[in-house]
Amino acid sequence: MTWILGWTVSLLAFIKAQLVTLLLHVLSAGPIPRHVAFEMDGNRRFARLTGRRAVEGHSDGFIHSSGYILDPASVILEICMHLDIRCVTVYAFAIENFNRPPDEVGALMKLAEERLIEIAQNGALLSQYGVRLNVLGHRELLPMHVQVAIDKAERMTCQNNRAILNVCAPYASRHEITLAVQSVVQQALDKDNFDSSLITEQTIEENLMTSLGGSPPLDIFIRTSGVKRLSGFLQWQCCENTQIHMVNTYWPDFGLWDFVPILLDYQRKVWARSSS
Amino acid sequence: MVASLFLWLLHLLHASLVFLTTKFQKRRYLPPQPVTAYRSKLPKHLAIILVSYNAANPKHTEELYLECLFRVVKWCKVLGIEQLTAYDAEGTLLGCSDIIQERLTHRNDMLTDESESELEYPLTPPLSEASESRSHSPDFEDFPVQLNVTTVSTSRKGASHHRPREVAVRRRAHDKHPPYNPLTLHIISRSASKAAIASAARFLLDEEFRRRQNSDDLDHVKAYELPISKLTSVPGGLPSPDFMIVHHIRPQDHPPPLELHGFPPWQIALTEIHRTIAHDVALLKHPNNSMPSLITEEAFCRALDEYAGAQFRLGR
């Protein structure tokens with residue numbers, strides 16, 4: 001009887017995986033966003049709800065339909081790659097997060113290093129889809145061992161050109177905008193005869209970290225856990241022509257069925273725009 | 001082709017689910033608390049974004065925007081919200097800032113019979129043309145950035161109107177006019193948004209160039225460094241709103257997702273964002289069969305209820 005049950009479960013999992021693939025294929029028949037950003041919020045609250053420590057919430061995983069344990073970020077990233085979304089940006093760590101308890105910050109740094117080392121050594125998902133990894137933010141604030149891991153992971157994927165994964169850590173939008181303005185001013189000062197009137201919104205936009213990494217304009221911004229703020233994430237990029245979704249689902253629970261309505265809304269917008 | 005057909009069916013299914021969900025929510029509609037109910041926190045600075053997708057009738061859009069603005073101004077003054085920023089991307093409000101000032105003055109004058117209110121005129125004259133840019137605050141004397149901001153202040157002289165927000169406001173039955181608190185109103189458009197930061201960058205460039213020209217040492221070989229604190233004092237000079245309400249004056253059955261329509265990006269790091277829901281707004285009959293909507297007290301109160309329930313962890 002046990003083998004019948006196991007066979008049935010495997011069959012159902014296979015059918016479910018095929019239906020997911022079919023769904024993604026159907027979605028791909030319509031407009032697909034070029035750039036989607038995720039503010040992965042709610043890990044600690046999810047952990048508390050499930051009776052775990054806050055630190056464990058950050059590395060929590062769940063059983064994928066294939067039977068492998070995958071973290072939500074990998075699952076969503078794989079869905080994005082299937083849909084040919086060219087750029088995904090995730091908010092991994094804010095500069096303000098250094099205010100958290102030291103043991104939590106330490107655990108996050110350790111987790112970041114482990115993940116980056118894994119990417120550098122294996123990077124199966126990134127290599128499979130030709131994804132280039134960019135780590136954006138005030139890197140100098142990170143511990144040296146994490147900076148080393150970042151350099152390795154970026155070098156390992158720098159030749160990939162099919163898609164981009166931006167990991168913002170530690171990041172703050174005002175810091176990014178300030179650096180862009182600083183760069184623009186420095187570039188002008190480096191010229192013998194500069195014309196300040198040539199500095200425009202576009203000039204600053206081109207010097208943002210996301211743009212310097214090759215990211216297209218942001219089409220969709222998603223924040224999980226029901227919080228309705230940007231919290232310093234991609235303020236310049238999402239203040240115009242970006243659909244913002246503040247969903248109630250906690251990040252560890254966020255999956256395809258939360259993502260599909262968001263993609264459908266995007267498609268409606270593109271169709272409405274092209275018909276008007 | 002087949003995939004497109006299935007996609008169309010998927011959209012139809014999604015639209016149906018949204019329709020049914022909306023109907024179900026209407027049945028379970030719970031009215032928000034009244035405007036003067038106790039709330040654990042109120043925003044000190046509120047922003048309202050007014051959105052219209054129909055450019056066909058700009059005069060009507062202007063009337064709707066103005067009516068929405070005056071309603072929000074009234075509620076803010078009742079609640080003691082100190083600052084209000086009104087934004088629309090096209091600059092419709094900015095273009096009629098003289099009308100706004102005049103009507104706010106007139107409404108304040110109506111209170112003078114029974115109170116000692118006194119209107120303080122704005123620090124700078126109203127704009128004569130919407131496209132003209134100038135700074136509007138003494139804070140900019142040291143940092144002239146081209147902006148397009150109109151600031152209107154209303155205050156009451158001699159009367160004490162400070163009311164701790166923790167204390168519920170009770171109206172006596174015979175009060176005809178609720179007490180009105182001072183309010184600073186900023187009227188902005190997209191020109192005060194990313195353009196303000198670009199303008200700041202141009203100024204910083206000119207400033208640094210002049211400094212290097214006047215400097216005898218070899219500062220020019222050093223890389224230019226810009227601290228965040230210096231840029232913080234610039235873009236728009238607008239303080240950051242605690243709370244933002246996005247209101248569409250032409251709501252749709254299947255409302256599109258939230259967008260910020262070019263609101264100044266520098267100011268929105270920690271701003272709580274809310275969009276009015278169709279059920280709370282007042283639909284108006286219009287000759288061309290459209291159903292424009294004004295922001296209602298219910299919509300405003302629901303927004304405040306949501307703000308009062310928000311948690312701020314500030315990175316922790």
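Colleague: How many residues in the lining of the second largest cavity are nonpolar, how many polar and how many charged?

Modeller: Rolling a probe the size of a water molecule over the atoms shows where empty space is left. In this structure, which is a predicted model, the lining of the second largest cavity divides into four nonpolar residues, no polar ones and three charged ones. The residues that line this cavity are A:Met81, A:Asp84, A:Ile85, A:Arg86, A:Tyr129, A:Arg162 and A:Ala163, and the space inside the second largest cavity comes to about 40 Å³. A search of the whole structure finds two cavities of 30 Å³ or more.

Colleague: Turning to the two chains, what is the area buried between chain A and chain B?

Modeller: The size of an interface is often given as the accessible area lost when the parts come together. Between chain A and chain B about 4900 Å² is buried, with carbon and sulfur atoms giving 62% of that area. Of the area that chain A buries against chain B, 15% is supplied by A:Arg174, A:Arg229 and A:Cys239, which is more than any other three residues supply. Counted by residues, the contact takes 56 from chain A and 55 from chain B.

Colleague: Which element gives the largest share of the side of chain A that touches chain B?

Modeller: The rule finds 21 residue pairs in polar contact across the interface of chain A and chain B. Elements of chain A that each supply at least two residues of the touching side include helix H1 (2-27), helix H8 (173-189), strand E8 (243-246) and helix H12 (256-275). The largest share, 10 residues, comes from H8(A), and the residues of this side of chain A divide into 22 nonpolar, 19 polar and 15 charged.

Colleague: Where in chain A is A:Pro170 found, and in which loop does A:Asn241 lie?

Modeller: Most residues other than glycine have a negative phi, and most peptide bonds are trans. In this model a cis peptide bond joins A:Ala169 and A:Pro170, with omega about -15 degrees, and A:Pro170 is found in the loop between strand E6 (163-168) and H8 of chain A. A:Asn241, although it is not a glycine, has a positive phi of about 60 degrees, and A:Asn241 lies in the loop between H11 and E8 of chain A.

Methods
Residues are numbered from 1 along each chain as its sequence is written. Chains are lettered from A and ligands numbered from 1 in the order in which they are written. This is a predicted model: local features need pLDDT of at least 70, side-chain atom pairs count only at pLDDT 80 or more; totals for chains, interfaces and linings use all residues. Side-chain values use heavy atoms; hydrogens and water are left out. Contact means heavy atoms within 4.5 Å. Buried area is the accessible area (1.4 Å probe) that two parts lose on being put together, summed over both. A polar contact is a pair of N or O atoms within 3.5 Å; within protein, one must be able to donate a hydrogen and the other to accept it, and residues adjacent in sequence count only if both atoms are side-chain atoms. Helices (H or I, at least four residues) and strands (E, at least two) are DSSP runs, numbered from the N terminus. Ala, Val, Leu, Ile, Met, Phe, Trp, Tyr, Cys and Pro count as nonpolar, Asp, Glu, Lys and Arg as charged, and the others, Gly among them, as polar. On a 1 Å grid over the protein atoms alone, a cavity is a set of points where a 1.4 Å probe fits but cannot get out, and a pocket is an open set with protein on both sides within 12 Å along at least five of seven lines; lining residues have an atom within 4 Å of a point. Grid points are joined across faces, edges and corners, and a volume is the space filled by probe spheres set on the points.
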